[in-house]
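Please read the following report with the sequence and the coordinates open beside it.

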Amino acid sequence: MRIVSYLRVSSRHQINGDGFDRQRIAITQWCATHGADHMAEFVEEGVSGTTEVINRPALTRLVSHILERGDIDAVIVEKSDRLARDLITGELLLRQFVQMGVKVIEAEGGNELTAGNNDNPTAVLVRQILAAVAQFEKSSIVSKLRSARNRRRAETGRCEGRKPYGDTPAERVAVARILELDGTPTRAIADTLNAEGVPTRSGVPWRHSTVAAILSRSRRSTETVEEDWI
């Protein structure tokens, strides 16, 4: 059997995680067990499982590859939700592969997702139930993450985005030095920090605008503390 594999993670921060390694292990084990020839791998980075094929670059390349070769027997994914987490999207994708004469196989469970697409209503029902569960799980996760972000934002005033300068010990040292020089023109403070070799977060020289922003934020924090004591 000649197969191609499809791997996907939903968000950019997962790209450097273990998601792709886990998927590759499952696919490799399935190929070894079934003596399949793994012809090519297609990797989708940071694309939601609800996205249609036209907006998935790797999946689009996979389909083109199958059509160009004409000898691919199956597409293998780690789990069905790697292909799609949305019921309708998944069914449309499976129908497209059936029309191409290509099977879609789930490595983890060993299930052929395209089996019974025409003549076994029970198999279709089971597959659709599993897809609906995957869609429900995704919606639940999104809802829980949104609630957690809102709670965090209410408690701390921020949740996402770049952390303010001064978050690390090294940066706190730099902030302390800036506060020591407060009262001096910001350009002079920037020149002093550069002369002393105090590093910035990005490695570029200090600019007076950066110094001014740090001083402004420090003053706002001080004013908030004083108001709390009044």
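## Overall fold

This is a predicted model, and the values given here are to be read with that in mind. The protein has eight helices and five strands, which follow one another along the sequence in the pattern β-α-β-α-β-α-α-β-β-α-α-α-α.

Of the 230 residues in the protein, 33% are buried. Among contacts with a separation of 6 or more, 64% are accounted for by residues 24 or more positions apart.

## Helix H1 and what covers it

Helix H1 takes in residues 19-34, and its 16 residues should span 22 Å at 1.5 Å a residue, which agrees with the 23 Å found between its end C-alpha atoms. Its buried residues are Gly19, Phe20, Gln23, Ala26, Ile27, Trp30 and Cys31. Seen down the axis of H1, these buried residues fall within an arc of 135 degrees, so they line one face of the helix.

Thr28, Gln29, Ala32 and Thr33 are exposed on the other side of H1. The buried residues of H1 are covered by elements that include strand S1 (2-8), strand S2 (37-44), strand S3 (74-77), helix H3 (80-83) and strand S4 (103-106). Just after H1, Gly35 takes a positive phi of about 60 degrees.

## The largest nonpolar core

In soluble globular proteins, nonpolar side chains tend to be buried together. The largest nonpolar core in this model has 20 residues, and those with the most contacts inside it are Val4, Tyr6, Leu62, Ile66, Val75, Leu83 and Phe97. The elements that give two or more residues to this core are S1, S2, helix H2 (57-69), S3 and helix H4 (87-100), and H2 gives the most, with five residues.

Leaving aside its neighbours within four places in sequence, Val75 is in contact with Val4, Tyr6, Leu62, Ile66, Phe97, Val102, Lys103, Val104 and Ile105.

## Salt bridges

Side chains of opposite charge can pair when their charged atoms come close. A search of the whole structure finds nine salt bridges, including the pairs described here. Asp71 forms a salt bridge with Arg69, in which the closest N and O atoms are 2.8 Å apart, and Arg2, Arg69 and Asp71 are linked in a network of salt bridges. Asp71 counts as partly exposed because its relative accessible area is 23%, and Arg69 is likewise partly exposed, at 37% relative accessibility.

The pair of Arg82 and Asp81 also forms a salt bridge, with the closest N and O atoms 3.2 Å apart. Arg82 counts as buried because its relative accessibility is 8%, under the 20% cut-off, and Asp81 is buried as well, with a relative accessible area of 8%.

H6 has twelve residues and reaches 17 Å from its first C-alpha to its last, close to the 16 Å expected at 1.5 Å a residue. In this helix, Glu171, Ala174, Val175 and Ile178 are buried. Seen down the axis of H6, its buried residues fall within an arc of 100 degrees, so they line one face of the helix, while Pro169, Val173 and Glu180 are exposed on the other side of H6.

Another is Glu180, whose place is in helix H6 (residues 169-180) and whose side chain makes a polar contact with the side chain of Arg177 (3.0 Å). Glu180 counts as exposed because its relative accessible area is 58%, over the 50% cut-off.

How values were computed. Residues numbered from 1 in each chain as written. Predicted model: local features only at pLDDT ≥ 70, side-chain atom pairs only at ≥ 80, totals over all residues. Heavy atoms only, no water. Helix = DSSP H or I, 4+ residues; strand = E, 2+ residues; numbered from the N terminus. Buried < 20%, exposed > 50% of the residue type's maximum accessible area, 1.4 Å probe, protein only. Polar contact = N/O pair within 3.5 Å; in protein donor to acceptor, adjacent residues only side chain to side chain. Expected span 1.5 Å × (residues − 1). Arc of directions from axis to C-beta. Contact = heavy atoms within 4.5 Å. Core = buried A, V, L, I, M, F, W, Y, C linked by side-chain atoms within 4.5 Å. Salt bridge = Lys/Arg side-chain N within 4 Å of Asp/Glu carboxyl O.
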